[in-house]
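Keep the picture at hand as you read.

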Amino acid sequence: MDTGTRPRLPFLDGARRGTARAVATAALVAMTCGASTLVAPSQAARAAPPAGAALNTASGAALDTAAAGALGAAAFAAPGDAAGTAHPRPRPRVDCRHVKCVALTFDDGPGPYTDTLLAYLAAYRARATFFVVGGNVVTYPRVLRRTVAAGHEIGNHTWSHPDLRRLSPAGVRSQLVRTDRVIQAATGVVPRLVRPPYGAFNRTVRRQTARPLVLWSVDTLDWRYRNSATVARRALRWVRPGSVILFHDIHPTTVRAIPRVLRNLAKRGYRFVTVSELFGGHPPRVVFSATPPELP
Ligand code: NI
């Protein structure tokens, strides 16, 4: 599903006035709920030492080799559907109050480049969140199964990527329910997050689901800049602890930008978490980013 010709202006017209309020509310919710919803320090202390810690100190070259190796090995070994039996390597719980976290998010797939992206993420033991389109899940169910098996989070990005503000309440619900069904059929998982296409929502849209509406705080504009260096540079320039970064894994240029993003951010001490992990399992009603006040 190509987004190239679509305008991607997240907070258009009707939503604009509400957006400032929504940002303020989200920030407030994040601040007030942060402490109670994140992992308690005692829990964090009980967690095993970070098995992936060494990755942050490994050289970039080694990591690139690892990524390439993972790609080769996988050759998308995905034996028919080993995904059903594969389990992600256990990973200690990350407490985003005390470490720098970033949530990489990938929209509009699954698609033909998603498997390559999964290999890059695996090389860094990075978790990400995939907001998938129902129509593409039907085309690539095995890719989605492998995504879930690798430990990534899946979000609902509607069936056919409409501007939900233009739909009736029943139309909005239908977009979400159909997508939930195909995701569940492919993976056994029902997504706990929703990302409205174009970031466009209003009160009517919001009332059709109790799930968090996940937007973003860093837009790479990768649908416009089909250039890996530009996409990586935009992500690296604007990232902050708690950022939610928007990418689209339907563009090969975006997928090719990811090793550089992972290498650079890992060196800077970032941990790559899912959107739910970023909020200790309890994202607020509307998500732009998390800015835990405890972080430097
Ligand atoms: Ni989209």
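**Charged pairs and nonpolar cores**

Keep in mind that the model you are looking at is a predicted one.

What does Asp 107 pair with? Asp 107 forms a salt bridge with Arg 195, and their closest N and O atoms are 2.7 Å apart. Now look at where the two partners sit. Asp 107 belongs to strand S1 (residues 100–107), while Arg 195 lies in the loop between strand S4 (193–194) and helix H9 (203–207), so this pair ties together parts that are 88 residues apart in sequence. Arg 195 is buried too, with a relative accessible area of 0%. As background, side chains of opposite charge can pair when their charged atoms come close.

How many salt bridges are there in the whole structure? A search finds 6. Another one joins Asp 180 and Arg 211, whose side chains meet at 2.9 Å, N to O. Here again distant parts of the chain are linked: Asp 180 is in helix H8 (residues 169–187), and Arg 211 is in the loop between H9 and strand S5 (213–214), 31 residues apart. Are Asp 180 and Arg 211 buried or exposed? Both Asp 180 and Arg 211 are buried.

Next, find Asp 163. Asp 163 forms a salt bridge with Arg 165, with 2.7 Å between the closest N and O atoms. Asp 163 and Arg 165 are both buried.

Now let's turn to the nonpolar side chains. In soluble globular proteins, such side chains tend to be buried together. In this model, the largest nonpolar core has 37 residues, and those with the most contacts inside it are Leu 104, Leu 121, Phe 130, Phe 247 and Leu 262. Several elements give two or more residues to this core, including S1, helix H5 (114–123), strand S2 (129–132) and strand S7 (244–248). The largest share, 7 residues, comes from H11.

Setting aside residues up to four places away in sequence, Leu 104 touches Leu 121, Phe 247 and Leu 262, among others. Apart from this core lies another, of 26 residues, among them Val 94, Phe 201, Trp 216 and Val 275.

Key. Residues are numbered from 1 along each chain as its sequence is written. This is a predicted model: local features need pLDDT of at least 70, side-chain atom pairs count only at pLDDT 80 or more; totals for chains, interfaces and linings use all residues. Side-chain values use heavy atoms; hydrogens and water are left out. A salt bridge is a side-chain nitrogen of Lys or Arg within 4 Å of a carboxyl oxygen of Asp or Glu. Helices (H or I, at least four residues) and strands (E, at least two) are DSSP runs, numbered from the N terminus. Buried means under 20% relative accessible area, exposed over 50%, partly exposed in between (1.4 Å probe, protein chains only). A nonpolar core is a set of buried Ala, Val, Leu, Ile, Met, Phe, Trp, Tyr and Cys residues joined through side-chain atoms within 4.5 Å. Contact means heavy atoms within 4.5 Å.
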